[in-house]
Amino acid sequence: MKILFLIVALGACFCSCNEKHTGHHWDKKALIARQDSLKDDLLKTDLAFSQLSEEKGRNAAFLQYADSSAAMLREFSAPTTGVDAIAKLLNQFSDTAAKLIWVPISSDVARSGELGYTYGTYVIETKGKDHFGGTYCTVWKRTRSQNWKFVLSTGNEGVKPVDKDMVMQ
């Protein structure tokens, strides 16, 4: 009886190892179309993020688009991690005297559709002073509600910004 039970148990184990995966399968054409759609969606999200910064200020925009575990990398500083720490950092500096505007140049999204990045150029327009700019990179995570939130934001000074009409055509 014990041998019969052992044979049945081993047979069940072997059969379960040969079970076919029934998850969603994407053919190559559908996968490429999905990737292109997600990249486009991410570029549009980054552009909307910039437009919110221009309209309502940098602080409001960064706090709206930040994931709860987001990190910001700034020159000569340790990483600022978590939305509360980011809010504390941003609120130390008024965003009424200057506008932060950026133009995404490119994006890419992981095959899973869960992570992506954008990069581009930014400009800070100050009232009565010269403008200056640089480059940036933002890493994004797609939420359960299919929205994008940034998980890492960084940039550096030293480049003139790209005209957004040239990029987003």
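**Burial and salt bridges, term by term**

User: Why is aspartate 40 called partly exposed?
Analyst: In this predicted model, aspartate 40 has a relative accessible area of 37%. Buried means under 20% and exposed over 50%. The value lies in between, so aspartate 40 counts as partly exposed.

User: What makes aspartate 40 and lysine 44 a salt bridge?
Analyst: Their side chains meet at 3.1 Å, N to O. The cut-off is within 4 Å, so the pair qualifies. Both residues lie in helix H2, four residues apart, about one turn of the helix.

User: How do you know that lysine 39 and aspartate 108 form a salt bridge?
Analyst: Their closest N and O atoms are 3.6 Å apart. That is within 4 Å, so the pair counts. Lysine 39 is in helix H2 and aspartate 108 in strand E3, 69 residues apart. Lysine 39 is partly exposed at 26%, and aspartate 108 is partly exposed at 28%.

User: Why is aspartate 67 called buried?
Analyst: Its relative accessible area is 9%. Buried means under 20%, so aspartate 67 is buried. Aspartate 67 forms a salt bridge with lysine 141, the closest N and O atoms being 3.4 Å apart. Aspartate 67 lies in strand E1 and lysine 141 in strand E5, so the pair ties together parts 74 residues apart in sequence. Lysine 141 is partly exposed, at 31%.

User: What makes asparagine 59 count as buried?
Analyst: Asparagine 59 has 11% relative accessibility. The limit is under 20%, so asparagine 59 is buried. Asparagine 59 sits in helix H3. Beyond neighbours within four places in sequence, asparagine 59 contacts Leu90, Asn91, Phe93 and Asp95.

Methods
Residues numbered from 1 in each chain as written. Predicted model: local features only at pLDDT ≥ 70, side-chain atom pairs only at ≥ 80, totals over all residues. Heavy atoms only, no water. Helix = DSSP H or I, 4+ residues; strand = E, 2+ residues; numbered from the N terminus. Buried < 20%, exposed > 50% of the residue type's maximum accessible area, 1.4 Å probe, protein only. Contact = heavy atoms within 4.5 Å.
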